[in-house]
Amino acid sequence: MRACVVGAGLGGLLMALGLLRKGYDVTVYEALSYPGGRFTNRTYKGFSLSTGALHMIPHGSRGPLAEALRRYGAGVEIMDSEPEGLFRVGGEDHLFEELPGLFPLVDKLKLGAALGKLTLGMVRSDESFETWLAKQVRHPLALRLADSFCGWALSIDSSMIPSKEVAAIAKNINTLGGPGVPVGGCKGVTDALVEAIQAEGGEFIYKSRVKKIGVEDGRACYVGASEKKPCDVVVSNIGPKATLDLCGQENFPRRYIDEIRRLREAAGIKISVACDKAMLGHTGVLFTPEAERVCGLNEVTNADPGLAPPGRHLLMSHQTLLPGRSIREEIKLGIRDLHALFPDFGEHCRVLAAQCYRGSWPVNRVMSGQSLGPETPVEGLVLVGDAVKPGGYMETDGVAAGVRLALDVVEDL
Ligand SMILES: Cc1cc2nc3c(=O)[nH]c(=O)nc-3n(C[C@H](O)[C@H](O)[C@H](O)COP(=O)(O)OP(=O)(O)OC[C@H]3O[C@@H](n4cnc5c(N)ncnc54)[C@H](O)[C@@H]3O)c2cc1C
């Protein structure tokens with residue numbers, strides 16, 4: 001059996017390995033000259049900047065991605081963050097458990113109860129997280145905390161996600177734990193996967209943009225890049241909208257096309273900063289609920305010093321890019337936040353890059369809370385990547401959990 005994988009992003013790589021293990025001959029087509037998509041590194045002035053992600057895995061060494069890497073023997077060391085996260089409020093950094101203590105007594109009790117319901121996954125409402133939270137605690141800091149978490153972890157604000165999805169995420173954090181940094185950053189993960197794929201006989205064709213996914217009699221049967229390659233299974237890692245275009249919309253029922261059209265991406269801005277000293281000094285996330293735009297920061301060089309030149313640090317901030325806002329203005333506000341958060345920013349830090357992620361290179365192709373399965377109405381065509389994250393799983397752990405489902409779909413073909 002032959003499988004063609006369109007796109008060598010994280011989803012495409014994990015799926016390629018899974019299919020090789022099932023005995024398929026696998027060819028991976030990648031439009032760029034390198035693998036990894038939004039989860040690899042490019043070196044700039046000696047710093048390992050990423051093509052997308054903030055060099056973090058949401059559930060560190062205990063989530064679905066780490067589990068898949070272990071299962072496939074792709075050797076990656078993941079440094080679990082310690083502390084997992086701190087929240088800067090009133091100029092001081094607080095652990096998650098300390099947050100209720102920042103509120104007046106009545107709100108403190110209400111917030112404690114709300115957090116309890118979330119972390120036990122006991123919220124099943126479709127109303128937005130913002131609406132649900134306002135009914136639990138009216139204090140404005142509660143909403144700012146919610147927005148900084150949603151902005152950092154999902155690149156949306158709390159009005160854009162159902163409360164039941166936040167509860168599913170909170171429950172997973174409670175059981176699987178918080179983030180971790182892979183040694184070597186994003187590239188450490190994707191390079192290990194490429195090596196494992198090649199060791200199992202998988203083939204990569206780079207600089208090869210797939211222009212057509214051939215569908216005959218309702219079945220995917222070839223991919224067309226520089227030449228036409230017949231296959232039994234086509235795995236698309238390029239997102240549902242681009243996949244429909246490559247197949248031709250006439251091959252899908254109207255309701256599926258409408259479902260795909262309703263999906264929304266999550267957009268954001270990442271600012272990468274070179275520092276001559278540690279600005280955070282820990283391996284976790286600093287959430288910044290009181291900043292105007294920046295939702296949070298990390299300093300991954302505390303986990304892997306190799307991501308920056310000797311003695312230097314790489315600090316990264318993330319902020320949501322909401323529709324209709326000016327990118328230039330948002331970047332200016334983000335940089336202003338960095339100066340406000342660190343009074344000695346000008347003395348020790350230099351902005352290396354401010355990058356905007358949207359359109360065909362977003363933070364998430366489908367924002368958390370909207371769901372799409374890997375199966376499609378075209379037989380033999382399967383979707384993977386961050387448009388296909390099962391509920392409760394964020395970012396790359398969502399990609400890995402989605403690939404698990406996609407492999408089950410292939411099993412049933
Ligand atoms: C700013 C930012 C911060 C993030 N932070 C984190 C984080 O800290 N932790 C985390 O877990 N996740 C994070 N993410 C999300 C994470 O990067 C993505 O979820 C993940 O990398 C998506 O992988 P994917 O499998 O969907 O593939 P993609 O990375 O989208 O790869 C798709 C590949 O397909 C190729 N391609 C496209 N069209 C074609 C074609 N026609 N033919 C052949 N190839 C094609 C592309 O070149 C690309 O290589 C972040 C993302 C961004 C942008």
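How many salt bridges does a search of the whole structure find? The search finds 18 salt bridges, a salt bridge being a side-chain nitrogen of Lys or Arg within 4 Å of a carboxyl oxygen of Asp or Glu. The model is predicted, so that local features need pLDDT of at least 70 and side-chain atom pairs count only at pLDDT 80 or more, while totals for chains, interfaces and linings use all residues. Residues are numbered from 1 along each chain as its sequence is written, and side-chain values use heavy atoms, with hydrogens and water left out.

**Ligand surroundings**

- The ligand is surrounded by 32 residues, and the closest are Gly11, Glu30, Met56, Arg365 and Thr396; a residue counts as near if one of its heavy atoms lies within 4 Å of the molecule.
- Oxygen atoms of the ligand lie 2.8 Å from a side-chain N or O atom of asparagine 237, 2.8 Å from a side-chain N or O atom of aspartate 386, and 3.5 Å from a backbone N or O atom of leucine 10.
- On its own the ligand has 1000 Å² of accessible area, of which the protein covers 95% (Shrake-Rupley method, 1.4 Å probe).
- Helix 1 (10-21) and helix 12 (395-411) are the elements that give two or more residues to the shell around the ligand; helices (H or I, at least four residues) and strands (E, at least two) are DSSP runs, numbered from the N terminus.
- The shell holds 16 nonpolar, 10 polar and six charged residues, where Ala, Val, Leu, Ile, Met, Phe, Trp, Tyr, Cys and Pro count as nonpolar, Asp, Glu, Lys and Arg as charged, and the others, Gly among them, as polar.

**Glutamate 30**

- Glutamate 30, found in the loop between strand 2 (25-29) and strand 3 (41-44), is buried yet has no salt bridge, and its nearest side chain of opposite charge, arginine 209, is 6.9 Å away (buried means under 20% relative accessible area, exposed over 50%, and partly exposed in between, with a 1.4 Å probe and protein chains only).
- A polar atom of the glutamate 30 side chain lies 2.8 Å from the backbone nitrogen of leucine 32.

**Salt bridges**

- Lysine 22 pairs with glutamate 411 in a salt bridge whose closest N and O atoms are 2.6 Å apart. This pair links distant parts of the chain, with lysine 22 in the loop between helix 1 and strand 2 and glutamate 411 in helix 12, 389 residues apart.
- Lysine 22 is partly exposed at 35% relative accessibility, whereas glutamate 411, at 53%, is exposed.
- Arginine 71 and glutamate 67 form a salt bridge with closest N and O atoms 3.0 Å apart; because they are four residues apart in helix 2 (residues 64-71), about one helical turn separates them.
- Glutamate 329 forms a salt bridge with lysine 332 at 3.7 Å between the closest N and O atoms, and both lie in helix 10 (residues 327-341), three residues apart. Salt bridges that share partners join Glu67, Arg71 and Arg404 into one network.

**Backbone geometry**

- Most residues other than glycine have a negative phi, and most peptide bonds are trans.
- The peptide bond from glutamate 82 to proline 83 is cis, with omega near -5 degrees, and proline 83 lies in the loop between strand 5 (78-80) and strand 6 (85-89).
- Lysine 207 has a positive phi near 50 degrees and counts as exposed because its relative accessibility is 67%.
- Aspartate 217 has a positive phi of about 50 degrees and, at 85% relative accessibility, is exposed.

Technical notes: Polar contact = N/O pair within 3.5 Å; in protein donor to acceptor, adjacent residues only side chain to side chain. Lys, Arg positive; Asp, Glu negative; His and termini not counted.
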